[in-house]
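Work through the exercises below with the sequence and the coordinates at hand. Each task is followed by a solution in steps.

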Amino acid sequence: MLILLWFLWDASSAYWYDFGISQLWASEWYPYESLYGLLPAIIGTAWAMIIAMLIAVPCGLAAAIVSSEILPVSWQGWLRLGMEMLAGIPSVVYGLIGLWVLLPWLQNTLDLLTGHNLLAAGMILSLMILPTMMVMSQDALRLIPIEQREAAMNMGMNWNQRLMRILLPQAWPGIRSGILLGLGRALGETMAVMLVVGSLDRVPDPIYNILEPAQTLTSRIGREMGEAAFGSMHFSALMACGLVLAVTAICLSLLAQRKPREFAS
Amino acid sequence: MKVFLSLLALPALLLPLACFLYIIIQALPALNWELIVGSNTAGNLFGDAANAGHGIWSQVSGSLLMMFLACVLAAPIALSIALFHALWASPRQQRVLIILLQILQGIPPIVYGLCGLVLLVHLLHWGISLAAGGVILAVVILPLLSSNAIHALQRIPIEQTESAKALGLSVGTMITRVWFPAAWSGMLTGLLLAMARALSETAPILFTATVFSGVLWPDSIFSPVTSLQTHIFYLAQEGSNAHAVDMAWASAAVLLALVICFSLSARFLRRYEELS
Amino acid sequence: MNINTHTNIKEAKEAESCTVPAYVCLENISLTLSEKSILKEVSFSLPATGISSLIGPSGAGKSSLLRCLTNLYGNWQGVISVAGVNTHSWLGGEDALRRHIGLIAQKPSVFPASIHDNVIFGLSRKERKQDQSLRIEQCLKQAALWNEVKDRLHEAANTLSVGQQQRLCMARALALEPKVLLLDEPTASLDPHSKQLIEASLHDLAKEMPSLCVTHDLEQAQRLQGQIIFMCDGKIIETATVNDFFQSPKRLETREFLRWSVCDCD
């Protein structure tokens, strides 16, 4: 892993030496004029992750609760099978759906010039994260012993109280790692995002405008790696994007490692 | 509350399924035997409709080739990591190893692609090649493969290991006679899952191993290949061409079938393992 | 109006059929789970105070009977009335019924929270916000746990021993101020000391409310005194006071069970 980081650092060092750390929040990226600000892509990535999580976390959690607490047991195996299969669908296939189904739909319903935008990227990402999110939360819910539920029932707690005071608090560690895993996936996903995000290097104006074409770190690398000549400043700048990605991903993983405070069992 | 949750859950349960069905429906017009075994280069795609390329055989075989290369490279390493973890690592080393594997698993594949691009393609002068793609995919699946192998070994009851040691078996005999029979199915499950992963990764090989057209079958491992994943991507860029759209859906369906094939067999193997 | 009168008459009849002033009254309870008959026409009643012991070999349907009483199994047939009210038409539904009946399970299952929070876990949000230290002290004393935990109320409940956890579960149930107490083999996996403490507190509690203790330990049933209900294979074989039951059992099955600890009911 250190080797990996060193590589990224080494390949992008030219960029850091020439421009310095301030490029992280410079907002211009025009490779042909030697302007390499990372801010637009970082904001794009952040927005895509936020939108994806806003959709995927409530829906995935609700689906997990419905499937493990409401639906009959005989359905669960099949649902799980389906979800595991869906979690394995290649991202480029989701990209196709995003490009040819979601984009025209967004364009028509919201009356936009083009459907390529951050909202579409976030929605397609949420679709990809949903199965993972659901499987992880479901596992966490199923790990809670049946005695806990029955003890709560014996105390006259109704379904809502059991959910809020027994199930969710006890399943939280699992749900939390599901969320972090989903975040990591949203961060690193390339193909699907690349196809729908529009690849326009500009800070959204205003900053919460998610209906404009934008750029994420991954889509920038995917788009421009083919054009950048090895050894050029453009190439180093793209490697710097990779370094930012890797460091963020490592932070997320470390966060997932840290066990939340809980009562010893 | 229940109703509210059910409403929230409905899209989560139905949308992915709808997507799945949609792909199959879209793929149906172009999906036939000719498509899979036909081997026209994709370059013909933009000729007149009559001569348009039909086959994606070279893409399918390219993908499979790269997948096998990755597995052949990664499996021995993963196996030795798992054995190291089980035999020689101290508890502290074990913990660090697990954390490291999980971190590596969390790093976006495209970052591995970047490293591979610098090291293999440029510094080692392999060029855009099958070998580079195979090695990069091997690195991408290595954490998954190793952690699965470690889990498979951990599931062996401690009594078995202890009784093997009590019999005075050597480490080699213990591994081949006691551990391997107990853990092979778990390891194979991990391998199948890793294969599915290698098949579905697109980003890291996009600019290190594959080209869009002109290649039917790589001449050597240092020549470029075409793969199904990247083929879909390139086709998606040609959105205006109706034939390309059909081909893209059909390719997506084929890729999906391959991936699901691997993950389903992994699933059945796991079920078998639980039963026995 | 008509229907009302009808149900009133029916309930009056039910009350009549239980001879002594009974607080809990079961009539012809039958239960079938996955096509297997678990309970067959079980009828008995619990007086307003005092302990009843429900004994019988394992698999006799003792635990299932308790689960029917609190509606954890919902598909039983027959009539259960508590305080003269049919449990099916209990005001506030089955959750209110379960708060009225405190059930203590065989395996203690504390919630992953502090001892303090465990005791008040079942109270409403408003009540939990208020200072409940008096109630907590009282409940823990009733469950014979107060002396052991009074200095560490804010420690995690999982750090207690199994015997202490069982008594904590009892305190937790008592905090809801139940009017009936059901115990499902409360001492099955406990050390002798905890067993003794629980039996003692049970004696005290039974002075105020009807208590039904499921046990397969004949000596424990003898120690607990009160009424003994002997159950086997889903049926009630004999109901008697402790002395009658152990000194002069009326049924052949009872005698066999007392001598051999086996029961062959068919």
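**Exercise 1. The sheet of chain C**

Task: In this predicted model, determine the strand order of the open sheet in chain C and state which strands stand at the edges.

Solution. 
- Step 1. The open sheet of chain C holds 6 strands, ordered E6-E7-E8-E3-E9-E10. Their pairing is mixed.
- Step 2. At the edges stand strand E6 (101-104) and strand E10 (235-241) of chain C. Each has a single partner strand, so one side of each is left without a neighbour in the sheet.
- Step 3. From one strand to the next, the twist averages 15°.
- Step 4. For the pair at the E10 end, strand E9 (residues 227-232) of chain C and E10(C) run antiparallel and are joined by 6 bridges. Within E10(C), Thr239(C) is the residue opposite Ile229(C).

**Exercise 2. A helix pair in chain B**

Task: Classify the packing of helix H3 and helix H10 of chain B from the angle between them, and list the residues that make the contact.

Solution. 
- Step 1. Helix H3 (residues 57-87) and helix H10 (residues 228-237) of chain B pack with their axes 7 Å apart, at an angle of about 135°.
- Step 2. Angles over 145 degrees count as roughly antiparallel and those from 65 to 115 as roughly perpendicular. H3(B) and H10(B) are therefore oblique to each other.
- Step 3. H3(B) contributes Gln59(B), Val60(B) and Ser63(B), while H10(B) contributes Leu228(B), Gln229(B) and His231(B).
- Step 4. Sorted by class, the contact of H3(B) with H10(B) has 4 polar and 2 nonpolar residues, and no charged ones.

**Exercise 3. Two contacts of chain A**

Task: Describe the side of chain B and the side of chain C that touch chain A, by residue number, by element and by class.

Solution. 
- Step 1. Elements giving two or more residues to the chain B side include helix H1 (2-27), helix H4 (91-106), helix H8 (171-200) and helix H11 (242-275) of chain B. H1(B) gives the largest share, 14 residues.
- Step 2. By class, this side of chain B has 42 nonpolar, 9 polar and 2 charged residues.
- Step 3. The contact of chain C with chain A takes 21 residues from chain C and 16 residues from chain A.
- Step 4. On the chain C side, helix H3 (93-100) and helix H8 (162-174) each supply at least two residues. The largest share, 4 residues, comes from H3(C).
- Step 5. The residues on this side of chain C divide into 11 nonpolar, 5 polar and 5 charged.

Methods:
Residues numbered from 1 in each chain as written. Chains lettered and ligands numbered in written order. Predicted model: local features only at pLDDT ≥ 70, side-chain atom pairs only at ≥ 80, totals over all residues. Contact = placed C-beta atoms within 7 Å. Nonpolar A, V, L, I, M, F, W, Y, C, P; charged D, E, K, R; others polar. Pairing = 2+ DSSP bridges. Axes fitted to C-alpha atoms, helices over the stretch in contact; angles between N-to-C directions. Parallel < 35°, antiparallel > 145°, perpendicular 65-115°, else oblique.
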